Amino acid sequence: MDAIILQILNGLDKGSAYALIALGLTLIFGTLGVVNFAHGALFMIGAFCAVTLSKILNLSFETIDPNKTDFLGNPLKVKTPYVESWFGPETGAALIDWSVPLAILFSIPIMLLVGVIMERGLIKHFYKREHADQILVTFGLAIVLQEIIKYYFGANPIPTPAPDAFKGSFDFGAAIGFDPNTIIYPYWRLVYFMFSVVIIGGVFAFLQFTTFGMVVRAGMADRETVGLLGIDIDKRFTIMFGLAAAVAGLAGVMYTPINSPNYHMGMDFLVLSFVVVVVGGMGSLPGAVLAGFLLGILESFASMREVIDLIPGINQIIIYLVAIIILLTRPRGLMGRKGVMEE
Amino acid sequence: MSKTTMTRRGVLKSGAVAGAGVALPTIFTASSAAAYTNEPTGGSVTLGFNVPQTGPYADEGADELRAYELAVEHLNGGGDGGMMNTFSSKALQGNGILGKKVEFVTGDTQTKSDAARASAKSMIEKDGAVMITGGSSSGVAVAVQALCQEAGVIFMAGLTHSNDTTGKDKRANGFRHFFNSYMSGAALAPILANNYGTDRKAYHLTADYNWGYTTEEAVRTSTEALGWETVAAVKTPLTQTDFSSYIAPVLQSGADVLVLNHYGGNMVNSLTNAVQFGLRDKLVNNKNFEIVVPLYSRLMAKGAGANVKGIYGSTNWHWSLQDEGSKAFVKSFGTKYGFPPSQAAHTCYVQAMLYADACERAGTFNPCGVAEALEGFEFDGMGNGKTLYRAEDHQCFKDVLVVRGKENPTSEFDLLEIVEVTPTAQVTYDPAIFGGELGTCNPGA
Amino acid sequence: MSILEVKDVGKRFGGLQALSDVNLSVKENSVHAIIGPNGAGKSTLLNCLVGKLIPDTGSVMFDGQSVLGRSPYEINQMGISRVFQTPEIFGELSVMENMMIPCFAKRDGAFRMHAIENMMDEKDIVERAEHMLEEMNMADKRDMHAAAMSRGDKRRLEIGMCLAQEPRLLLLDEPTAGMARADTNNTIDLLKQISDERDITIAIIEHDMHVVFSLANRITVLAQGTPLVEDDPENIRGNPKVREAYLGETA
Amino acid sequence: MLGLNKKDTSLLLIVVVLTLFAPFILNPFPEGSAMAQFNAGYPDLMQRFVIFGIFAIGFNILFGLTGYLSFGHAAFLGIGSYGAVWMFKILGMNVLPAIVLAVIVAGLFAVVIGYVSLRRSGIYFSILTLAFAQMMFALAYSVLTPITGGETGLQLTLNDPRILGASQTAGGNIPVPSLFGMEMRSSTDLEIAGWVFTFNVGYYFSALIMILAFYLSIRIFRSPFGMMLRAIKSNQNRLSYTGLNPRPYTLAAFVISGMYAGLAGGLMASMDPLAGAERMQWTASGEVVLMTILGGTGTLIGPVLGAGFIKYFENIFSKINDNILHQWFAFLPDGLEDFVVFIIHPFIGKGWHLTLGILFMLVVIFLPGGLVEGGQRIRKAIKGKKADDTETAKTEPAE
């Protein structure tokens, strides 16, 4: 029982990353009709926004400590971050410690800009082209983006820890009456889950309750008619692309303490996030979110030792298996509208 | 039509010089006078450095390449000579190998066995490399080793830790300086028992491929022999990035030690995740919960950041070793590049030196001669104490380091501290236990 | 003798009863028009005949055989060809190739693997396709990309492709929708000619009364998913119920 | 000739000439010269050119003709390799049975995967094929290790039975793949003045098979079957209403292209008897997509050119390093030289992925017809200029 609760909890957490990425993908597909293979790269760029901020905060000047030696036996150069000398050691250290949450603010304008540039500079020219062309050009873009990141940051993962306040884990089991230590979950992952719920809620609220959102939703349903009403739907769609990029970027920023970011983390998520979108139903926002959480939970269960013992290798293929089954039995996905991308 | 098994550019390069001297174009087919593949006949000899330049191990590959460049510099008499001064064999003169200037070509393995073989072939066929070395994974090492056997050149493995490389997949033309899973287990187990006691319940997470299997097997066997119990062993996909669903159930199982049989990106992520879960703050069975990483790499430990603190593992070599050889190597590497070398760099440097030395001692580049010179070769002064290149399986036997993540690192390189230098005798095993057949050396021609 | 018998057909989409109790009988060699105001269910009915939709109730018999549950290509092979509202042709292929495909379908059935033969070596197919192009007055456009032709030519090609299969029943879905008057008249003439010269039945769904009364010798009026009347054109013209259905729509 | 029209015959002849004289064409620079860096005429790379050419030709039969974008085609290549290596292990080192088995096994897998995947079209089809291939890759790398060799790949050993041959050579080595005694790896060198040309048995064997495969693909393109496939891409709806069942046509195309991939996989194993799982990874499938698009989707020769282009990039371009750059730009003033090298540096050597990605994007954006379209445009531009020169400009007839 506790094992199952634990895996559900874990699945929700895993799923929140999937849901955030799939949400952005679906926003782009639903509004612009573009299949964006570079969306994983946006997630990765978000993560590297956090890395960059942490590097900026850690910019240091060197002083020579004659009492210590470095690996060559020379006097050791001690690095002190500028922020520590400017704001005092304590404030400075706190700033560095909180670099990931700070990176949220840092990354939003960057991601919006990246998104808008990408849409205006490239994606715009592909609205009328086939889905295959869209896939190919964004795939090319994804390669280019990740190689650029690799050029500047190297191939190795870069540790970007969460603030010390979020170290360790919360004992759920003890809180709800199980034995202690049976159901524990790291604080930061809980933060991630809540963060994603807030973002998802925010996006839905934005689409539901603002005039802007209403126009966009109308545009998703019938682009031409909205265009005929004299509304500049293209401009709004551009902003939506920026928004989707920002969602992916934020998902990336917050993900950095969970796994040290590296240049190929976007590609790692790419295939998976497409499976999520397809399972949820192309173009359905609630579907994407639901499928994200659902696949997270399924993946968690498939990685249980008891399950692997029963079906060896199931943890390797569960995601693809689900995708195949859904596509064959219900091609419009869990919540997709009829007719979207169907034969 | 004469048949050759591989093209021999070495011959041809010199032939080209001769050909150019003739006024009319002469046409002739290459004779099979050469005794072995890519026999160098000019004033230089070409070595092939096959390292990952793209893909997830690119940084490790870059460090290997730095080491090779340093080795070539030293072999040709440049720099401060590095380990050539501490090496017990004094055959190397600093005038290249057998008087020929050492040149090198590089290839990109991409950490894929296909790509690695393609780049190795290109270096052998196009550039006339007489020896291939490098690599950062066992899959690649085994694949390239088989290729070199077939092509008739020597393969000096880089970073490869699987038992298979000199076990079931060993080849007569292939040599490994790096240690293996078995040795990791044998070296680690006593230290673990000393520090954590003999009454421990271990939970293994194992990368679901050959190297993971052999490492799990090695650590299990050696810890169980000292009284540990293995509660569970769960295989994780290579492509896994988030290990939370594998780590979450660990505490419920009643285990008090988590062994992460992961390497590279897998290791960084699984260790980060495990520490995130606060496992090490927990008390299970009235003991502190512990995490073990059988194979450490400093470059990868860097990716895991502060999470490595206090965690035991084994490593082939570490720059903080205080023997003369290590000190000399760290000094020349550090002076040239500004940071200390990794274990991958060390192994690659040593392999290049050992190869050159074997050629000198054999008096030939012929793979069979070189292999003979390396087989059963005992040496010292290369950083791991007295070392034996065992004839039966072409595996080096030397001291193995047990290390621990340092609590208070003084620099970004100072991540691991050496806990124990496990003597060779303790990690030596019978070559028959892993099966496989060495075969006979293949000179190619 | 009726070639197509529709009995008690009903089709529901969610809350909308698109068709109910549709009975229809198309006589062999007649030109039968199905008319009705927008949303009367004309297209739904047509889709039920060609296998794109399966009706919830009732039966559709073609030449004594049920078409229900068969795929569009199977129904086509039974002898029903369909012309679409906007011409559906193979835009990336040449006009000649467009015409050859139905000839292959006629000769070889739904699938035959000739992957090695050169298609231009199939003399009978080439001859037949060329003959059809001549009949359609398109021989000069033989090597054009089909997509590059005018809309009228595309329509002509599509009809020609249908005829190349020698269907027994030709279904047309508003064949003159969106056409200029001159093109419309050309199409009327073409269809008249087809009907006169060939052993073929034509069923036509049409909005344009001019087209209907120039061509049809039998008319069914559909309103709100049900046939209102079925009669000769002269009688339909004066039928008050029909007027009401149309006026009700326009009012 | 050979049942082809004049244009196709000349295309085939061009391919024949190019492949037969590849050892000359690919080694345009004398040995030992600075430009020898760019020579690609060594056996391994030449073999790869033609083998990946076969793979891309086959992929183009599916993608180019029907428009179905398979993102899992590398799986069949992997299957073919495994089949061939098993044949070497069990039966013997003759390449013919190995290649035949590779084609058959890949074909069987293609029937099953195609049957299921072709129930959907568009991006759904792509994701289905991707999912199948990824499943096969994941399983081959892990739980199927006893059959596939897992991480280290499936290799020959000295203890393989090899019923129709020897387990070991007299010298105690593993025998090498051969065709009735002709070893695939044996080569002959020809030297003319400073130039060296290598003729390799394996290359010519693969080249011969590629020419056959190319010829077959021309026949398929010009056949009624090929026309039906193009019709499916153009308007599947009309095809159904013309009494034709698209499903068996697409399935046949899928299986044929799967068998081409199996053939390529079998040949790869014959040139180099090892089969690794990462051959089946989705990035490998992506590579053949890149090749086909880069060369020109739906054109006959495009995929071959694309395959050659990418393999050249991977093997030659990736080896250029800063030292070589400095040699090239040595004529510039020092500061400028360093600057130029600094600018170029990210794009060469280990940055070849970046350059390839940019090139690929440029092709998709500006040259949807790939290299072939590029060539046509250049030819047109030259022709157009000539026409202007002679002032006999006439309007091009609409295509």
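Biologist: Which chains share the most contacts?

Modeller: Chains B and D do, of the four pairs of chains in contact. Keep in mind that this is a predicted model.

Biologist: Where does chain C stand relative to chain A?

Modeller: No contact joins chain A and chain C. Their closest C-alpha atoms lie 12 Å apart. Chain B and chain C have no contact either. There the closest C-alpha atoms lie 34 Å apart.

Biologist: Now A and B. How many residues does each chain put into the contact?

Modeller: Chain B gives 42 residues and chain A gives 42 residues. On chain B, the elements supplying at least two residues each include α2 (58-75), β8 (229-236) and α10 (324-337). The largest share on that side, five residues, comes from α8(B).

Biologist: What residue classes make up the side of chain B that touches chain A?

Modeller: 19 nonpolar, 15 polar and eight charged residues.

Biologist: New topic: α5(C). Is that helix mostly covered or mostly open?

Modeller: Mostly covered, with 12 of its 14 residues buried. Among the buried ones are Asp153(C), Arg156(C), Met161(C) and Ala164(C).

Biologist: What covers them?

Modeller: The cover includes β6 (80-83), α3 (95-108), α4 (123-135), β7 (169-173) and α6 (181-197), from chain C.

Biologist: What span should α5(C) have, and what does the model give?

Modeller: At 1.5 Å a residue, its 14 residues should span 20 Å. The end C-alpha atoms are 20 Å apart, so the two agree.

Biologist: And what comes just after the helix?

Modeller: Glu166(C), with a positive phi of about 50°.

Definitions and conventions: Residues numbered from 1 in each chain as written. Chains lettered and ligands numbered in written order. Predicted model: local features only at pLDDT ≥ 70, side-chain atom pairs only at ≥ 80, totals over all residues. Contact = placed C-beta atoms within 7 Å. Helix = DSSP H or I, 4+ residues; strand = E, 2+ residues; numbered from the N terminus. Nonpolar A, V, L, I, M, F, W, Y, C, P; charged D, E, K, R; others polar. Expected span 1.5 Å × (residues − 1). Buried ≥ 20, exposed ≤ 12 C-beta atoms within 10 Å, placed from the backbone.
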